[in-house]
Amino acid sequence: MNIINRLRTLVDHRQIGGLGRSDDSDNQQVLKQAADGSLTVERRTRRRRNAAPGSKILVIDDSKTIQVTLRKMLLQNHYDVYPALDAEKGLEIALREKPDLIFLDIVLPGINGFAALRQLRKDPRTRDIPVIMISGNVQATETYYAERIGADDFMRKPFNRLEVFKRIERLLDEDCVLRRTGFRAKAAV
């Protein structure tokens with residue numbers, strides 16, 4: 001799709017203004033800017049909030065594909081990413097590095113994600129770290145148990161960049177610091 005057709009599509013979907021179907025001078029100006037490359041189109045309707053660059057994020061997942069995908073997304077936003085392929089290694093890293101956020105898969109070799117989450121919530125050194133549980137299963141019971149044990153959010157695989165950063169944004173306080181969320185922060189251990 002060329003740039004002119006893309007602009008018409010954006011206007012049709014009301015993502016930008018100033019480009020209608022008639023041949024008035026405003027429309028000609030927008031088309032001219034599009035042709036010479038000086039027209040910019042904002043994809044987002046509101047600015048996304050991000051955690052501070054250098055925020056530490058631990059990814060505990062046995063899938064190397066998920067590890068690579070999340071790592072790439074998170075590094076693009078200048079986060080420090082710590083990978084762990086199993087819960088035991090993830091718990092070690094959590095105690096040593098004190099991450100600002102943990103992505104924790106449910107189905108893992110050895111200790112599963114629920115047991116790892118229980119350990120994180122019982123330890124005073126890790127109980128306040130926000131945790132986003134991730135799973136490829138579509139069962140609603142996983143969401144229930146993750147919430148009950150103390151997860152701060154739940155994300156299903158496969159996921160996309162938008163979903164990852166929406167989940168992170170939900171955990172930001174007014175100063176853009178990652179924090180545990182409302183009622184889930186008080187969940188039973």
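A: From the N terminus on, the elements run α-α-β-α-β-α-β-α-β-α-β-α. That comes to 7 helices and 5 strands in the protein chain. Helices (H or I, at least four residues) and strands (E, at least two) are DSSP runs, numbered from the N terminus. This is a predicted model: local features need pLDDT of at least 70, side-chain atom pairs count only at pLDDT 80 or more, and totals for chains, interfaces and linings use all residues. Residues are numbered from 1 along each chain as its sequence is written, and side-chain values use heavy atoms, with hydrogens and water left out.

Ser-135 lies in strand β4, which covers residues 131–135. Ser-135 is buried, with a relative accessible area of 1%. Buried means under 20% relative accessible area, exposed over 50%, and partly exposed in between (1.4 Å probe, protein chains only). Across the protein chain, buried residues make up 39% of the 189 residues.

What does Ser-135 touch, not counting residues up to four places away in sequence? The list is Asp-105, Ile-106, Glu-142, Phe-154, Met-155, Arg-156 and Lys-157. Contact means heavy atoms within 4.5 Å. Take Met-155, one of these residues. Met-155 and Ser-135 are 20 residues apart along the chain, and their C-alpha atoms are separated by 6.7 Å.

The chain as a whole gives the background. Of its contacts with a separation of 6 or more, 61% are between residues 24 or more positions apart.
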